[in-house]
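Please walk me through this protein model. I would like a short briefing, grouped by topic.

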Amino acid sequence: MNYSIKLLVLIFIALFSSCSSSDDENSNENANKGFLKIGDQSVELSQGYLENYGVRGNAYNIDFSLKSKSISGTEDGAVVYFELFSSLQNNLAKGDYSFGGYSEATAYTFTKWGQSLLGKNINSEKGGMAVKNGISIKPTSGTFKVIENGQTYKVSFVGKGTASSYKDGVLTSTVNDVSFSMQYQGDVKRSEAKTFTAKKAFSGERLEKDHWVLFN
C-alpha cells in the first residue's frame with residue numbers, strides 16, 4: 001500500500017515538473033526580444049511602441065520605438081526610434097521601408113529624424129533624446145522591414161547612419177557611414193501622439209516630437 005502511494009506521488013511530481021517546464025518554455029517563446037547593434041556594441045531590447053501622428057500627405061505618419069529594460073544607471077541601455085510613413089491608418093504595413101524625406105511623406109519610407117541611442121543614462125532633452133555616455137546615431141540609408149504587424153510585431157533594420165559619441169554629456173566625435181542594425185519581435189504599446197515641441201518660435205524648421213512614451 002505504501003509502495004503504491006509513493007509511486008503515485010512520484011508520478012504526480014514528474015507530471016507537475018513537466019508541465020512547469022513546458023509553461024516556462026512557452027513563456028520564453030512569447031517574451032519580447034530583440035537587440036540594437038552599433039558597430040561591435042549590442043544591447044537587448046524588451047518593449048516596443050507605436051505612436052500614431054495621423055495623416056500626412058497620402059500616407060500615415062506612424063512612429064516606431066523600442067527600449068531596453070534599463071536606460072539609465074551603470075549598465076548600457078538602448079533606445080530605438082524611427083519616424084515612418086505607412087499605407088495603413090493604424091499599423092505599419094508589412095514590407096520594406098527605404099530612406100525618404102519628411103516633406104514628401106511617401107508610404108514605405110523612413111526619415112532622417114530617426115535616432116537610436118546606446119549607452120548609459122539615456123534621457124529626454126527638450127523634446128529630443130540624449131545619452132550621457134555612449135552613442136547616438138541617426139539613419140542615412142538602409143532598409144526597415146515589417147514582417148509581422150498584428151498582435152505581435154516583427155521588425156528589423158540594417159543600414160548606416162551618422163554616429164555621435166558622448167562622454168559625460170559632451171560631444172567627443174561624429175562619424176559618418178557607421179553600420180547599425182536592429183531586430184525586435186514582441187508586442188507593442190499604442191498611443192495617439194499629438195504633442196509637439198518647436199525648436200524655436202516661428203521657426204520654419206520641422207517641429208520636434210516629444211518622446212514621452214519612452215520615458216514614462
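The notes below cover strands, aromatic rings, backbone angles and a pocket.

This is a predicted model, in which local features need pLDDT of at least 70 and side-chain atom pairs count only at pLDDT 80 or more, while totals for chains, interfaces and linings use all residues. Residues are numbered from 1 along each chain as its sequence is written, and side-chain values use heavy atoms, with hydrogens and water left out.

- Valine 55 is found in strand β3, which covers residues 47-56. Strands (E, at least two residues) are DSSP runs, numbered from the N terminus.
- Seven of the 10 residues of β3 are buried, so the rest of the structure largely encloses this strand. Buried means under 20% relative accessible area, exposed means over 50%, and partly exposed lies in between (1.4 Å probe, protein chains only).
- Valine 55 is exposed, with a relative accessible area of 58%.
- Valine 55 and phenylalanine 85 are 30 residues apart in sequence, and their C-alpha atoms are 9.2 Å apart in space.
- β3 and strand β4 (residues 59-67) run antiparallel and are joined by eight bridges. Two strands pair if DSSP finds at least two bridges between them.
- Glutamine 47 has lysine 67 in β4 as its bridge partner.
- β3 and β4 form a hairpin with two residues between them. In the turn, glycine 57 has a positive phi of about 65°.
- β3 also pairs with strand β12 (residues 188-192), in the parallel sense, over five bridges. Here glutamate 51 stands opposite serine 191 in β12.

**Strand β6 and its partners**

- β6 pairs with strand β9 (residues 128-149) in the antiparallel sense over four bridges. Glycine 95 stands opposite valine 146 in β9.
- β6 pairs with β7 in the parallel sense over two bridges. The bridge partner of serine 98 is threonine 109 in β7.

**Aromatic rings**

- How many aromatic pairs does a search of the whole structure find? The search finds 11 aromatic pairs.
- Rings of Phe, Tyr and Trp (its six-membered ring) pair if their centres lie within 6.5 Å. Planes under 30 degrees apart count as stacked, over 60 as edge-to-face and the rest as tilted.
- Phenylalanine 82 and phenylalanine 157 form a tilted pair, at 4.8 Å centre to centre and 50° between the planes.
- This pair links distant parts of the chain, 75 residues apart: phenylalanine 82 is in strand β5 (residues 77-86) and phenylalanine 157 in strand β10 (residues 153-167). Both phenylalanine 82 and phenylalanine 157 are buried.
- Why is the pair of phenylalanine 99 and phenylalanine 110 edge-to-face? The ring centres are 5.8 Å apart and the planes meet at 75°, so the pair counts as edge-to-face.
- Phenylalanine 99 lies in strand β6 (residues 95-99) and phenylalanine 110 in strand β7 (residues 109-110), so the pair ties together parts 11 residues apart in sequence.
- Phenylalanine 99 is partly exposed, with a relative accessible area of 36%. Phenylalanine 110 is buried, at 0%.
- Ring pairs link a cluster whose members include Phe64, Phe82, Tyr97, Phe99, Tyr108 and Phe110.
- The charged end of lysine 209 sits over the ring of tyrosine 53, 3.9 Å from the ring centre. A charge sits over a ring if NZ of Lys or CZ of Arg is within 6 Å of the ring centre and within 35 degrees of the ring normal.

**Backbone angles**

- Most residues other than glycine have a negative phi.
- Tyrosine 108 is not a glycine, yet has a positive phi of about 65°. Tyrosine 108 is found in the loop between β6 and β7. Its relative accessible area is 30%, which makes tyrosine 108 partly exposed.
- Aspartate 177 is not a glycine either, and has a positive phi of about 55°. Aspartate 177 lies in strand β11 (residues 170-186). Aspartate 177 is exposed, with a relative accessible area of 55%.

**A pocket lining**

- The lining of the second largest pocket divides into two nonpolar, six polar and five charged residues. Ala, Val, Leu, Ile, Met, Phe, Trp, Tyr, Cys and Pro count as nonpolar, Asp, Glu, Lys and Arg as charged, and the others, Gly among them, as polar.
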